[in-house]
Amino acid sequence: MENEPHASLGPLLFLLGRWEGAGVGGYPTIEGFRFGQEISFSHNGKPYLIYSSRTWLLDDAGNIGRPLAMESGFWRPQPGNQLEVLLAHPTGFVEVYLGEISGTKIEMATDAVVRTSSAKEVTAGRRLYGMIQADLGYAYEMAAVGQPLQAHLSAQLKRAGSADDTGAGGTGGERAGGDGGGAGGTGDERAGGDGVSPGSAASEGAGGDGGTG
Ligand code: HEM
């Protein structure tokens, strides 16, 4: 982007750019799974980050499978290291998060989840993002389909590509509060670096999204 990042983005500059990696997921009502993920944070000079994420299934050998969840939205830092995040999902949800930025650790919880009448019942979410050395890790917990808030996903992503549009603020390897990402104790099963770059796997509208995650 041609513009300088808006001054209010200072606390979030470490996120700017593209991230790729893999994670694991599960829930009491579904089979565990591994997934690949690509996240992008960019800006256009305005006081928010533009966020998008897409994911795909990985098999045990790390081969790329069907597309899984996507989400996109805006991260709006506020004074005092507060954060507002708006996320829309193709599965019929919109989440509004309120959070706090502490160095390179970000914790947020839903203030509201709105869903269409055809969407599954998701009532709350909680996310923890943090730098794990130079990687971006996160954990996501949800309350859904009658279950209390608990782990659905965790993943660890590496900075990808040329940081083309980013200015790559602060990849400086600062260590977050250490607990970013690893929730659920799933960290060992991270798929290797193969799981990234699905090529065409993300072709729009592919089936299999199943109306879920
Ligand atoms: C990295 C992002 C995500 C991935 C890879 C993912 C993956 C999955 C998978 C594989 C399933 C099993 C059903 C299926 O095969 O489609 C699932 C179920 C589900 N996911 Fe996700 N998910 C993600 C994010 C989310 C988010 C953000 C939400 C809520 C806003 C969500 C809500 C659900 C719900 C409600 C179910 C159904 C549970 C049930 O019916 O028992 N997922 N997810």
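**Notebook: a ten-strand barrel**

I began with Leu15. Leaving aside its neighbours within four places in sequence, I found Leu15 in contact with Phe41 and Leu49. Contact here means that the C-beta atoms of two residues, placed from the backbone, lie within 7 Å.

I noted what I was reading. This is a predicted model: local features need pLDDT of at least 70, side-chain atom pairs count only at pLDDT 80 or more, and totals for chains, interfaces and linings use all residues. Residues are numbered from 1 along each chain as its sequence is written.

**Cores**

Next I looked up the largest nonpolar core, which has 34 residues. Leu12, Leu15, Leu49, Leu83, Val85, Leu136 and Tyr138 touch the most other members. Strand β4 (residues 64-78) gives the most to this core, with five residues. I then found a second, separate core of five residues, with Phe93, Val113, Val122 and Ala144 among them.

I wrote down the terms. A nonpolar core is a set of buried Ala, Val, Leu, Ile, Met, Phe, Trp, Tyr and Cys residues joined through C-beta atoms within 7 Å. A residue is buried if 20 or more other C-beta atoms lie within 10 Å of its own, exposed if 12 or fewer, and partly exposed in between; C-beta atoms are placed from the backbone. Of the 213 residues of the protein chain, 38% count as buried.

**Strands and barrel**

I listed the elements. The protein chain has zero helices and 10 strands. Helices (H or I, at least four residues) and strands (E, at least two) are DSSP runs, numbered from the N terminus.

Two strands pair if DSSP finds at least two bridges between them.

**Strand pairs**

I checked β4 against β5 (residues 82-88): seven bridges join these antiparallel strands. Arg76 stands opposite Glu84 in β5.

I moved on to β6 (residues 93-102) and β7 (residues 105-115), antiparallel and joined by 10 bridges. They form a hairpin with two residues between them, and Gly103 in the turn has a positive phi of about 65°. Leu98 stands opposite Ala109 in β7.

I followed Ala109 onward: its bridge partner in β8 is Arg126. Five bridges join β7 to β8 (residues 122-132), again antiparallel. This hairpin runs through six residues.
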